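Student: I would like to learn how to read a structure like this one. Could you take me through it feature by feature?

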Amino acid sequence: MFRFIPNVLLKQLYTRSSLHNTPTGFTFSLKNRLADAQFTGLTQVRIDGQIYPPEAFTLELDGNEAVRVSAISNSNPLAFPLRRKVVVQATAAPLAPGRHTIEVILQSKPFGTLTITIEDDLQPDQHQGGEPQRNVTIPRHPVDDMSPEIIRERQDFLRQYTQTSPDYLTNVAFDPALVRGNCEQFVGVAQVPVGLVGPLLINGEHAKGEFLIPLATTEGTLVASYNRGIKLLNQCGGVTCTVIDEGMQRAPVFVMQDARSARDLARWVADHEPELRSEAEATSRYAKLKYITPYQAGRLLFLRFGYTTGDAAGQNMVSKATLAACNFMLQQVADVEHFYLESNLATDKKPSFVNTLQTRGKRVTAEVTIPKELLLRELQVEPEQLDRHARIGNVGAFMAGTNNNGLHSVNGLAALFIATGQDVACLAESSAAITTSELLPNGDLYGSITLPSLIVGTVGGGTGLPTQQECLNILGCSGTGQVYKFAEIVAGVVAAGELSLAAAISSLDWVSSHESARQAKS
């Protein structure tokens with residue numbers, strides 16, 4: 001049996017703005033945002049103090065046939081799976097316009113009794129002024145939205161609505177069912193060109209040897225540029241890559257009565273971290289809580305939960321774990337006025353200084369020492385030119401306020417992310433980079449690049465899709481136990497791109513390379 005669930009969480013089960021009058025009464029909906037469950041009964045519905053008998057209600061799960069509440073029991077429960085919606089319909093007098101206070105008491109497995117108290121505004125009728133509102137919707141199926149039939153229906157809808165005839169978009173070379181969990185309202189695939197660079201010699205702790213690199217891109221000269229950088233790295237004996245740290249965060253916020261109670265809650269968290277760790281880690285075999293860091297502003301207490309997440313990038317994993325820990329907190333402490341599972345302090349898919357300092361995803365460094373004669377022979381540039389250019393670039397990056405004092409880490413990252421099924425939106429934080437260069441006494445050039453918030457995984461997300469899995473297999477990085485190896489490869493590729501572009505700019509070869517690509521296109 002689950003512990004008591006605070007109302008601050010139960011409120012999230014109610015779908016706001018779902019309250020409508022119907023020809024026979026009124027309706028509203030609930031969505032399961034907790035875990036797979038079953039309804040075993042409806043004890044009571046009270047609206048604005050008026051009690052409605054359970055027999056006045058039916059429950060309808062995602063377009064299935066409505067079930068009368070009297071037919072639901074412990075021996076005959078109604079399934080309520082995670083992320084599914086139940087429409088509650090009442091046979092009663094219609095509700096008056098305006099805001100209403102709704103209290104619903106449900107019986108369920110495994111949660112027990114759930115009491116949901118919420119305020120919601122009655123929504124206007126679908127007809128205003130005698131004219132029906134235009135309501136064009138993309139076809140969906142409430143249970144199996146990846147069946148061949150519903151996909152064809154969406155594709156037909158697309159053709160009719162846009163008066164176009166997409167051919168390549170709808171030509172899918174694999175079973176669309178594999179996309180389930182990766183893309184909603186699926187209609188087709190975007191085919192992105194993939195170029196091959198390398199092999200790249202990496203001297204890592206996990207990635208050791210030569211690797212061919214698939215890069216998915218539509219930018220001319222990108223593949224050629226990275227290949228040029230890889231050639232030079234290989235002639236230096238390879239690039240040395242090291243995973244330094246890792247972490248994935250979720251940052252809830254608690255709104256307390258005043259600053260003193262917020263401070264006291266932070267102290268309570270510090271004293272009860274073992275219990276919070278136990279609650280969080282019980283939700284996953286892979287999520288391990290490393291720390292809970294408090295940040296207070298007035299009566300707001302921000303808590304930054306940091307985890308390791310195995311071979312997955314882990315954002316969803318840490319959300320579930322942190323919710324469990326916060327649920328435990330809400331049962332134990334008083335004076336919490338409001339609670340939100342994310343406060344923006346985890347900086348999901350946004351660049352931030354906190355992640356540059358404290359790591360999000362993997363912190364990985366690539367470094368190389370380049371002999372002077374190699375730079376001159378292969379890239380037509382003096383070590384002094386590159387070093388001077390890097391120092392000037394530091395000033396420009398500072399003036400611009402960027403998250404990166406390098407050149408274009410995001411180019412290689414984006415091409416690798418698309419090829420290997422990473423969450424492309426995480427490029428916002430993954431593109432952060434810290435580059436250093438140093439002229440050595442013998443005239444050689446030492447360079448390094450550190451990616452402090454590289455969000456990658458080798459399981460979960462889009463990594464299991466057919467093309468993306470093939471690209472991970474090319475790298476030898478598909479599946480469990482491979483994420484550190486993959487992070488080192490990514491860092492090595494980024495280093496190759498930085499070196500190549502820096503040399504091209506310093507030797508004035510940059511514009512001519514792009515012009516050659518443009519002319520080849522035309």
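Predicted model: local features only at pLDDT ≥ 70, side-chain atom pairs only at ≥ 80, totals over all residues.

Student: Is D387 buried or exposed?

Tutor: Buried means under 20% relative accessible area, exposed means over 50%, and partly exposed lies in between, with a 1.4 Å probe and protein chains only. D387 has a relative accessible area of 6%, so D387 is buried.

Student: Which residues does D387 touch?

Tutor: A contact means heavy atoms within 4.5 Å. Leaving aside residues up to four places away in sequence, D387 touches S437, E438, L439 and L445. By contrast, A79 is 308 residues from D387 in sequence and 65 Å from D387 in space, C-alpha to C-alpha.

Student: Which residues make the nonpolar surface patch?

Tutor: Patches are made of residues with over 30% relative accessible area and no salt bridge, joining like charges within 9 Å and nonpolar side chains (Val, Leu, Ile, Met, Phe, Trp, Tyr) within 5 Å. A salt bridge is a side-chain nitrogen of Lys or Arg within 4 Å of a carboxyl oxygen of Asp or Glu, and accessible areas come from the Shrake-Rupley method with a 1.4 Å probe, where for residues only the protein chains shown count as cover. Here V192, I418 and V424 make a nonpolar patch of about 190 Å². V424 lies in the loop between α10 (409-420) and α11 (427-430), and V424 counts as partly exposed because its relative accessible area is 38%.

Student: Which residues form a positive surface patch?

Tutor: Lys and Arg count as positive and Asp and Glu as negative, while His and the chain ends are not counted; a charge is placed at NZ of Lys, CZ of Arg, CG of Asp or CD of Glu. The positive patch is formed by K31, R33, R83 and K85, and K31 lies in strand β2, residues 25-31.

Student: What can be said of the whole chain?

Tutor: The chain has 14 helices and 22 strands, and 45% of its 522 residues count as buried.

Methods
Residues numbered from 1 in each chain as written. Heavy atoms only, no water. Helix = DSSP H or I, 4+ residues; strand = E, 2+ residues; numbered from the N terminus.
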